Amino acid sequence: MTDLHAAAVAAGLKRHWTDASGRPQQVDDAILEALLARLDLTPADEPFVPGTLGAPIALPGAPAGTADLMLEDGTTLPLAIAGGGMAAPIHVIGYHRLSIGGRRYTLAVGPPRCPQPVGRSWGVSVQIPALRDDRPAAYGDFGTLAHSATEFGNAGAAAVAISPTHALFPADPHRFSPYAPSSRLFHNVMLADPALIGAPFPPEPCAELIDWPGALTERLAHLGRVYLANFSRYQAATAAFAAEKGPDLAAHALFDALHGHLGGAGWTDWPIAYQDPASPPVRRFATEHAAEVSFFVFLQWLADQGLAYAQESARSRMSIGLIADLAVGTDRAGSHGWSRRSDLLSGVSIGAPPDPLGPDGQNWGISALDPYALQRSGFAPFIKTIRTALQHAGGLRIDHAIGLDHLWIVPDGGSAADGAYLTMPGDTLKTIVAIEAHRAEAIVIAEDLGTVPAGLRADLSRRGMLGMRVLPFERDVTGAFVSPARWDADAVAMTGTHDTPTVAGWWKGRDIEWREHISGIANPTAFEERTAERKSLAQAIGLSPVLAEPPIDEVMEAVADAPAALAIFPLEDLLGLEEQPNLPGTVDQHPNWRRRMLATTGALLARPDVHRRAAMLTQKRPG
């Protein structure tokens with residue numbers, strides 16, 4: 001083995017990997033060298049060790065003897081360490097400190113399994129901005145979500161899976177993808193609903209497609225007026241919220257205020273003097289523009305209140321309530337990258353290697369938490385991220401959960417195929433998720449789609465983290481559809497996601513039409529192949545293969561019969577719509593994240609066909 005290959009192994013870079021087709025692949029040396037140059041491998045001063053409640057814990061380098069164990073609540077206990085550094089079982093879940101022989105450890109002791117859904121139930125997945133209520137609004141917000149959650153609960157649903165609510169960029173209304181956030185430690189203030197404090201938005205245009213630049217500009221202006229008129233009434237509450245969130249919130253609000261003045265894609269476009277949060281010009285700006293910074297703190301408080309109210313509304317009629325969505329990373333030019341730069345991987349972006357769904361690979365243009373920085377920081381950024389996501393939710397969906405074990409990283413300037421897998425501290429990350437889910441009494445859904453490494457699904461199952469079985473992807477080795485009755489019981493059953501065609505759209509080939517329209521190239525065999533796929537799906541669920549209209553009811557009923565404890569259906573499928581919320585691989589060629597529902601949630605659920613489907617789901621899955 002060369003020095004380069006040995007260094008790559010030591011750094012956790014995988015030179016050899018297996019693609020989605022089962023073929024072995026090898027990373028070029030030039031790529032390994034470029035990636036190694038971008039990693040800070042400085043070790044942590046103090047090991048952070050994961051463990052399971054009631055099981056012995058292996059402590060690297062610990063001598064045999066009696067250790068001093070300080071539990072998270074401050075209680076101190078003796079703990080026996082056997083030869084080989086094997087600590088006696090700990091019977092308290094949490095983050096504890098241990099000292100022995102001059103060495104110190106942080107121990108994360110998690111439950112054996114995450115909380116599980118009760119009974120057999122169903123839920124609906126929604127894009128918050130797409131929702132409507134009785135108010136004339138340009139897009140749905142947390143208030144709309146609260147109203148909709150009540151209606152879904154009345155229809156028999158146990159959960160509402162929502163799009164990510166991470167903080168975006170208020171100063172840049174063109175950045176509206178929920179999966180490229182400025183920070184995952186805070187929420188999207190443009191989903192805040194001032195009606196919660198008696199200052200609703202004035203009537204807004206209610207088009208079928210959201211005009212994000214226009215809508216966000218108008219809303220931010222109104223929120224500014226709400227702040228000026230109401231801040232004194234809520235100053236104490238906002239101050240208490242700011243004290244609870246600490247310096248991270250102060251830095252995030254300062255970033256949003258600066259971004260409004262300096263523009264650009266984020267801090268990477270700002271003058272050098274403003275790229276350092278501790279610089280004199282930044283401190284001077286914070287003083288001179290204190291009211292603007294305070295405004296963004298107020299908006300975070302208002303957004304937090306709105307999301308809390310939405311979860312309260314959901315839980316009043318549902319066993320689970322909201323299922324939050326955790327994006328896999330953040331935009332490096334955003335708030336987290338500016339205020340806590342060392343938390344993130346630098347000089348690389350994350351994505352996915354080439355596979356049948358993306359032959360050229362995917363470069364998502366975002367960064368992720370650095371595994372070495374996590375070790376050095378005692379995993380504090382990840383713990384905060386999970387707590388933020390679960391604070392007002394009964395469940396958490398982890399986007400690209402494969403990233404808990406390894407991330408496909410691409411050096412800046414390289415194509416998506418010019419990457420390699422970087423090993424992540426998966427055992428530790430999953431233990432932290434389990435601890436936080438236990439404390440929140442929340443279920444965990446791990447998106448295990450794509451190029452899934454061997455053993456991941458078995459590990460998720462052992463931990464009680466529910467995988468995802470999504471209809472378009474559940475096929476055998478020949479490509480034929482597998483009946484939902486044969487799907488895994490330890491995963492959520494789904495007809496689709498925000499990235500897949502709807503049942504109706506797939507059946508009619510709407511996704512094929514979009515691809516041909518965008519590329520300008522007709523695929524003469526695509527519809528013929530889809531006809532064969534329709535026959536395969538029909539056979540899998542016991543239908544006639546010559547149906548002209550999409551068999552939406554039959555498909556939903558088949559997925560409802562899957563052995564999973566929880567089944568989740570996109571609202572678009574419940575309504576029988578053809579268009580999907582997002583078309584992967586596109587930016588503005590398709591109206592991603594812009595579609596609205598055509599009526600209020602209550603009115604939609606009252607439609608005879610939708611009412612019939614919801615009643616069928618509730619009959620099969622009463623919760």
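Tutor: Let's go through the helix pair, then a cavity, then some loop residues. Keep in mind that this is a predicted model, where local features need pLDDT of at least 70, side-chain atom pairs count only at pLDDT 80 or more, and totals for chains, interfaces and linings use all residues. Residues are numbered from 1 along each chain as its sequence is written, and side-chain values use heavy atoms, with hydrogens and water left out.

Two packed helices are described by the angle between their axes and the distance between the axes. Here the pair is α4 (residues 212-245) and α7 (residues 290-315), whose axes come within 8 Å and cross at roughly 80 degrees. Helices (H or I, at least four residues) and strands (E, at least two) are DSSP runs, numbered from the N terminus. Axes are lines fitted to C-alpha atoms, for helices over the stretch in contact, with angles running from 0 to 180 degrees between N-to-C directions. So α4 and α7 are roughly perpendicular to each other, a label for angles of 65 to 115 degrees.

Who does the touching? On α4, the residues in contact (heavy atoms within 4.5 Å) include L220, Y227, F231 and F241; on α7, they include F295, F298, W301 and D304. The residues of this contact divide into 16 nonpolar, four polar and one charged. Nonpolar covers Ala, Val, Leu, Ile, Met, Phe, Trp, Tyr, Cys and Pro, charged covers Asp, Glu, Lys and Arg, and the others, Gly among them, count as polar.

A cavity is a set of points on a 1 Å grid over the protein atoms alone where a 1.4 Å probe fits but cannot get out. The largest cavity has a volume of about 300 Å³, a volume being the space filled by probe spheres set on the points. Of its 30 lining residues (an atom within 4 Å of a point), the closest to the centre are P129, L168, F176, N188 and W212. That lining divides into 20 nonpolar, five polar and five charged.

Finally, two loop residues. H400 sits between β18 (395-398) and β19 (406-411), has a positive phi near 50 degrees, and is buried at 14% relative accessible area (buried is under 20%, exposed over 50%, partly exposed in between, with a 1.4 Å probe and protein chains only). E441, in the loop between α11 (426-440) and β21 (443-446), also has a positive phi, about 55 degrees, but counts as exposed at 65%.

Note on methods
1 Å grid on protein atoms, 1.4 Å probe; cavity = no way out; pocket = protein on both sides within 12 Å on 5 of 7 lines; lining within 4 Å. Parallel < 35°, antiparallel > 145°, perpendicular 65-115°, else oblique.
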